[in-house]
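Q: I'd like to learn how to read the features of a structure. Could you take me through one?

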Amino acid sequence: MTQFSKTGSFPVSFLDRLAARLLARGQPVTALIAHPQPRGTGQFARGKQMLAGNFVMAGELLNADGTVPFQAGSGAATDALHGFDWLDDLAAVGDQNARRLAQTGLADWLARYGRGRGPGWGAGVAGRRLMNWLTHAVMLMQGQEKPFQDRFLRALAHHAAFLARRAGHAAPGLPRITAHAGLLFAALSLEGWERRIDPTAKALIADCDRQIDSGGGVATRSPEDLLHIFVLMTWVVQTLQDRGRPADARLLGLLGRVASALRVLRHADGGLARFHGGGRGNEGDLLAALAVHDALNATPVKAPTGQVMGFARLSAGRSTVIVDAAPPPVGAAPARAHASTLAFELTSNRRPVVVSCGDGTSLGVDWQRASRASASHSTLSIDGYSSARFTGTDRNRLKLTDGPRNVGCEFRHTSYSRAVAVSHDGYLDTHGLEHTRFLDLSADGRVLSGEDMLISGGRAARKRFDDVLARTRGAGIAYSLRFHLHPEVDASVDMNGTAVSIVLRSGEIWVFRADGHTLTLAPSVYLEKARLKPRASLQIVLSLRAQDYTSQINWVLAKAQDTPIALRDTVQENPLAVPEL
């Protein structure tokens, strides 16, 4: 199912509501001269759940019998319902019952909200809804009487008129891009709207150009946000070509920058790194969008290297390491940013090994707050503190402020390894300490070596460290090094607590050691937006104390000697299986 919203909802302003109500009067019945093809294929299992009365939207379970529940608790779930994202999943089922439910949901929405009422009239959600209606117009109109078809066509014209008035006033970034894309789809599909194609396409390109930086990244530093924009852009280009309109060279250039960035942010298994509120991305979305881009681009894309959007990537053999190597986006997304500086993720072949806990927004306020802390990421954290501070009077929307101001990143590649040295000063003001991390991935991808240090340098920093140390009465400043493991990993402590064996479902075995220190396996969680509750997992924890101006720990995560570089990994989930809720 193609998703376009951010974690939070697209806001509905008073002017949005007023325009929607005024423009609902007297919109003419138009005709569909074309309808774009759906970007995604939807999920059969989710469609079957909906037919059983269970709608899972943004981690929220809504029950309805024979219709669609348009009222939800969270903004993200409300956006998904009013954006009609669920049409993709019903179309994946494709039978008469699925079509009937889709038509019933449409009729109900038009009756309750069609004249400008309700939460679905932000320009971003309206654009998203219009695109879904147009791509599934045949399913929505099939077998219906002419009065219903005329009502639906009138609603399409109403949405097009609304977006023509309000698309340029949507919130900058993804909401405005989505609004202009919806208007462009309407101009390409509705009779009498052809004159809007060129100016809308120019406005869309300008929005994308403002949102995407020279390196192909976005200010929110969420890889999934970048994927949403890329999927939408490739969909637009493909639709323009289907109508015989070559894509603008500037749009193709933007696509090229984003495609290169996403290749850096993609793990060996095809999933995205999960940072700053973003998930791994819907299965197949990135691969399909990259295929469209590569078909359009005559120039071969260079292999991704270096740092993109503040993330450093190491790749060797069939292993990838992605490190958060920049300050959190306190300016662009303070309510979504995570204190994850210097955290990393490791994937081997098709299997994630070391991960971040993920984003807990869809699971409620407490999970959202916990998921944003440094302890929920695979990095070093001083006990009781995160590398950035959260402030605000509204506990529902705490903002991340006062994060690391100086973050260093230096690649140190050699002929036998890929390595990066990173550092941040997030604990300088609170404890007089800087965190430095060195990660070295062997050329065959079998060994990841790490070195973490807490350093107090300079007179002011050492005075601050001495003051904090004195309050511990010489016991030292407690800190922990955490390595969160994917829930499909089996882990056990070996060698009298000095090693952890990690077994993947593919049969690969990795072993973690840390300078002979005692390791513990502690409970952890893996948070996914589509699930109703956290998945239980484990984390490797090293508990240490800083008693001097320099505290250092070395560790190694390596494949067992009898584990081959590549395995025939055939363990897969049944894509047609309907999971239990």
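Q: Which residues do ring pairs link into a cluster?
A: Before that, some ground rules: this is a predicted model, in which local features need pLDDT of at least 70 and side-chain atom pairs count only at pLDDT 80 or more, while totals for chains, interfaces and linings use all residues. Residues are numbered from 1 along each chain as its sequence is written, and side-chain values use heavy atoms, with hydrogens and water left out. Now the rings: those of Phe, Tyr and Trp (its six-membered ring) pair if their centres lie within 6.5 Å, and planes under 30 degrees apart count as stacked, over 60 as edge-to-face and the rest as tilted. Here the cluster is made up of Phe70, Phe84, Trp86, Trp109, Tyr113, Trp121, Trp133, Phe152 and Phe162.

Q: How many aromatic pairs are there in the whole structure, and how are the rings of Trp133 and Phe152 placed?
A: A search turns up 19 aromatic pairs. The planes of Trp133 and Phe152 stand at 65 degrees, with ring centres 5.8 Å apart, so this pair is edge-to-face. Trp133 belongs to helix H6 (residues 123–135) and Phe152 to helix H8, 19 residues apart; helices (H or I, at least four residues) and strands (E, at least two) are DSSP runs, numbered from the N terminus. Both Trp133 and Phe152 are buried, where buried means under 20% relative accessible area, exposed over 50% and partly exposed in between (1.4 Å probe, protein chains only).
A: Another edge-to-face pair is Phe344 with Phe483, at 6.1 Å centre to centre and 70 degrees between the planes. Phe344 is in strand E6 and Phe483 in strand E15 (residues 477–485), so parts 139 residues apart in sequence are tied together. Phe344 is buried at 0% relative accessible area, and Phe483 counts as buried at 1%.

Q: Where does the charged end of Arg129 sit?
A: A charge sits over a ring if NZ of Lys or CZ of Arg is within 6 Å of the ring centre and within 35 degrees of the ring normal. Arg129 has its charged end over the ring of Trp133, 5.9 Å from the centre. Likewise, the charged end of Arg221 is over the ring of Phe311, 4.4 Å from its centre.

Q: How many salt bridges does a search of the whole structure find?
A: A salt bridge is a side-chain nitrogen of Lys or Arg within 4 Å of a carboxyl oxygen of Asp or Glu, and the search finds 24. In one, Asp225 meets Arg336, with the closest N and O atoms 2.9 Å apart. Asp225 is in helix H11 (residues 223–242), and Arg336 is in the loop between strand E5 (319–324) and strand E6 (344–348), 111 residues apart. Both Asp225 and Arg336 are buried.

Q: Which residues are linked in a network of salt bridges?
A: Those are Arg351, Glu488, Glu528, Arg531 and Arg535.

Q: Which residues lie nearest the centre of the second largest pocket?
A: On a 1 Å grid over the protein atoms alone, a pocket is an open set of points where a 1.4 Å probe fits, with protein on both sides within 12 Å along at least five of seven lines; lining residues have an atom within 4 Å of a point. Eleven residues line the second largest pocket, and Gly114, Arg115, Arg151, Arg154 and Ala155 lie nearest its centre. Helix H8 gives the largest share of that lining, five residues.
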